[in-house]
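Biologist: I am new to this structure and would like to learn how to read it. Please start with the general idea each time, then show me the case here.

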Amino acid sequence: FVWAGWCPNPPSLFFGGLFDCGTSEMGIIDKLAKLSPLQVNAIVGAVCSVPVGFYAKSLYDDMTNPHVYNTQREGRPEIGGPYTMIDHFGVPRSQASFLGTWQLIYFGFTHCPDVCPQQLERMTKVLNLVEKQRPDAKLSPMFMCCDPGRDSVER
């Protein structure tokens, strides 16, 4: 086994001279066709393990980042019943403010770059469709913020 110093990659005994830098008359396709199943599995495994490793590292970094999974739970949510909230003008509102109307409510984040704008566009299409088919229908579309720590009337 002698490695010529001018070759950037030394020939590999395991890969059957696949990287022998032109010392053979066989083309790369011919060399690939002569690889054993073990050699093919080794090449595929090596090629696939790199992106999987980077993905696993990014998942680990996200899970260990305290800012990503820092949640607090306080009590149990009350579903249904009376409610009060502050609208975008800072005016307090309750369920009595919307009596006699259908309430179309979307819960989201005002700092949401992807999902929320698409869903609000979908809500607009629904409102337009209902308005065409039932012009007498009274609808009250609402966007309710789920993140009062970042979203406020001022923002």
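Modeller: A crossover is right-handed if, with the strands pointing away from the viewer, the path from the first strand over the helix to the second runs clockwise. Helices (H or I, at least four residues) and strands (E, at least two) are DSSP runs, numbered from the N terminus. Here β3, α3 and β4 form a right-handed β-α-β unit. The model is a predicted one, so local features need pLDDT of at least 70 and side-chain atom pairs count only at pLDDT 80 or more, while totals for chains, interfaces and linings use all residues. Residues are numbered from 1 along each chain as its sequence is written, and side-chain values use heavy atoms, with hydrogens and water left out.

Biologist: In what order do the elements of the protein chain run?

Modeller: From the N terminus on, the order is α-α-β-β-β-α-β. That gives three helices and four strands.

Biologist: In which sense do β3 and β4 pair?

Modeller: Two strands pair if DSSP finds at least two bridges between them. Strand β3 (residues 102-108) and β4 pair in the parallel sense, over seven bridges. Tyr106 has Phe143 as its bridge partner in β4, and Ile105 has Met142.

Biologist: Which residues of β4 lie on its covered face, and which on its uncovered one?

Modeller: In a regular strand the side chains alternate between the two faces of the sheet. In β4 (residues 139-145), Ser140, Met142 and Met144 make up the covered face. The uncovered face holds Leu139, Pro141, Phe143 and Cys145.

Biologist: Which residues make up the largest nonpolar core?

Modeller: A nonpolar core is a set of buried Ala, Val, Leu, Ile, Met, Phe, Trp, Tyr and Cys residues joined through side-chain atoms within 4.5 Å. Buried means under 20% relative accessible area, exposed over 50%, and partly exposed in between (1.4 Å probe, protein chains only). The largest core here has five residues: Tyr106, Cys112, Cys116, Met123 and Leu127. Helix α3 (residues 115-133) gives the most to this core, three residues. Of the 155 residues of the protein chain, 14% count as buried.

Biologist: What is Leu127 in contact with, beyond its neighbours within four places in sequence?

Modeller: Contact means heavy atoms within 4.5 Å. Leu127 is in contact with Leu104, Leu139 and Pro141, those neighbours set aside.

Biologist: Is Gly108 buried or exposed?

Modeller: Gly108, found in strand β3, is buried because its relative accessible area is 2%. Leaving out residues up to four places away in sequence, Gly108 touches Cys116, Phe143, Met144, Cys145 and Cys146. Gly108 and Cys145 are 37 residues apart in sequence and 5.2 Å apart in space, C-alpha to C-alpha. Cys145 is partly exposed because its relative accessible area is 35%.

Biologist: How many disulfides does the structure hold?

Modeller: A disulfide is a pair of cysteine sulfur atoms within 2.5 Å. The structure holds zero disulfides.
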